[in-house]
Amino acid sequence: MTGFSRRSLLAALPAAALATPALAQRRWQPGERFTIRIAASQPVHPIYSISVGQKTIVERALPGVRVEIIATQGGIENANLIKAGDVEAANGNVAGAYSVHFGRFEAAGERPFPGLLSWMPGYDAPQGIMVNANSPIRSFADLRGKRIALGPVGSGAEAVVTATIKALGMTDRDFANVLRTDPRQAFNALAAGNVDAVIWGTAPPAGAITEQVTTRNIGFVSFTAEELAPVARDLPYVNAARLPAGVYATQTTDMLWPNAGVHHWISDRVPEELVYRATKAIWEAREELVTRHASQRLLSADMVRAQAAMVPFHPGAARYFVEAGVLRSAQG
């Protein structure tokens with residue numbers, strides 16, 4: 001993986017998680033013990049708490065199955081952890097899963113790893129430009145020569161924004177400084193005047209962004225359709241998402257931001273019958289996930305099909321979604 005070593009990825013995992021041997025069994029019967037370790041990004045992200053909700057549903061529905069939630073830096077790291085065999089499942093931006101599955105983009109130069117498969121849709125995660133109140137920045141073009149903050153290295157959010165900048169014909173050298181860090185530190189740097197803009201996002205309405213609107217009155221900047229056209233052309237996992245005015249209190253107009261979905265992924269090493277039953281349990285109890293984050297109200301068959309078009313579903317998940325009439329096959 002470009003910019004990562006396996007050692008650096010494993011350093012993010014607690015020792016107890018690394019001590020658990022990777023499970024290679026392909027047969028499983030209801031009632032048998034099995035542990036699914038999920039690389040779940042940071043607790044600041046809605047996807048982490050959604051994964052905790054999934055853990056509750058799966059452990060209730062499947063006696064003997066235990067789900068361990070592991071905090072990580074984000075989707076690129078998570079996809080690599082599945083590839084390395086250090087976790088059975090993960091969540092994260094589709095940039096990481098797509099790259100590792102096909103050996104492209106963030107995994108350029110690596111062999112494709114078709115063992116990373118789709119499991120369950122999550123939510124859209126548009127990556128937006130946010131600035132201090134009264135900032136003179138009115139467009140993405142205004143950021144040239146400025147100081148910007150992105151998500152942390154290893155996160156899908158950072159990967160999508162970095163790829164977007166590249167698709168627009170720019171590099172880090174076009175900015176005075178590019179800070180890659182977690183959202184809290186990025187927004188603190190914005191408030192302190194150490195950066196001019198933060199480009200980051202997760203499922204709207206994002207608590208981390210709402211907090212900044214409430215306490216610091218931040219403003220929002222849109223990309224243009226012309227800017228995002230080459231991004232969508234060059235990055236098959238990105239689309240232009242429109243964030244309607246009013247999602248955030250200081251957001252008075254619609255925003256057009258690059259978007260790559262955040263979803264749940266699983267290894268082909270997990271037995272088909274187990275994935276089938278876990279998928280059925282989660283999907284049929286998905287209303288419970290709304291208590292974890294409001295984005296889960298939007299879970300739909302269309303989201304399942306869109307995910308299948310990016311990365312094929314695990315045979316167990318595909319079997320359930322085909323039976324439920326959501327998919328025609330693992331590829332949608």
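Helices (H or I, at least four residues) and strands (E, at least two) are DSSP runs, numbered from the N terminus. The model is predicted, so local features need pLDDT of at least 70 and side-chain atom pairs count only at pLDDT 80 or more, while totals for chains, interfaces and linings use all residues. Residues are numbered from 1 along each chain as its sequence is written, and side-chain values use heavy atoms, with hydrogens and water left out.

- Axes here are lines fitted to C-alpha atoms, for helices over the stretch in contact, and angles run from 0 to 180 degrees between N-to-C directions.
- Strand β5 (residues 128-131) runs antiparallel to strand β8 (residues 197-200), and 3 bridges join them. Met130 has Val198 in β8 as its bridge partner.
- Contact means heavy atoms within 4.5 Å.

**Sheet β2-β1-β3-β12-β4**

- Another open sheet of 5 strands has the order β2-β1-β3-β12-β4, and its pairing is mixed.
- β2 (65-70) and β4 (116-123) stand at its edges with a single partner strand each, so one side of each has no neighbour in the sheet.
- From one strand to the next, the twist averages 25 degrees.
- β4 pairs with strand β12 (residues 262-267) in the antiparallel sense over 5 bridges. Within this pairing, the bridge partner of Leu117 in β12 is Ile266.
- Helix α10 packs on the sheet and touches β1 (34-39), β2, β4 and β12; the direction of α10 makes about 5 degrees with that of β4.

**Helix α10 and its helix contacts**

- The axes of α10 (residues 272-284) and helix α12 (residues 315-323) come within 7 Å and cross at roughly 45 degrees.
- That angle makes α10 oblique to α12. Angles under 35 degrees count as roughly parallel, over 145 as roughly antiparallel, 65 to 115 as roughly perpendicular and the rest as oblique.
- The crossing of α10 and α12 is right-handed. A crossing is left-handed if the near helix is turned anticlockwise from the far one by less than a right angle, and right-handed if clockwise.
- On the α10 side, the residues in contact include Val275, Tyr276, Thr279 and Trp283; on the α12 side they include Pro315, Arg319, Tyr320 and Phe321.
- By class, the residues of the contact of α10 with α12 divide into 7 nonpolar, 2 polar and 6 charged. Ala, Val, Leu, Ile, Met, Phe, Trp, Tyr, Cys and Pro count as nonpolar, Asp, Glu, Lys and Arg as charged, and the others, Gly among them, as polar.
- Helix α3 (residues 46-61) packs against α10 at an angle of about 120 degrees, with the axes 9 Å apart. This makes α3 oblique to α10, and the crossing of α3 and α10 is right-handed.
- Gln54, Ile57, Val58 and Ala61 of α3 make the contact with Ala278, Ala281 and Ile282 of α10. The contact of α3 with α10 has 6 nonpolar, 1 polar and no charged residues.

**Helix pair α4 and α5**

- Helix α4 (residues 75-84) and helix α5 (residues 94-102) pack at about 35 degrees, their axes 7 Å apart, and the crossing of α4 and α5 is right-handed.
- Gly75, Ile76, Ala79, Asn80 and Lys83 of α4 meet Ala95, Gly96, Ala97 and Val100 of α5. The contact of α4 with α5 has 5 nonpolar, 3 polar and 1 charged residues.

**Backbone exceptions**

- Most residues other than glycine have a negative phi, and most peptide bonds are trans.
- Asn134 is not a glycine but has a positive phi of about 70 degrees; Asn134 is found in the loop between β5 and β6.
- The peptide bond from Pro204 to Pro205 is cis, with omega near -5 degrees. Pro205 is in the loop between β8 and α8 (207-216).

**Overall**

- The protein has 12 helices and 12 strands.
- Along the principal axes, the C-alpha atoms fill a box of roughly 60 × 40 × 35 Å.

Conventions:
Two strands pair if DSSP finds at least two bridges between them.
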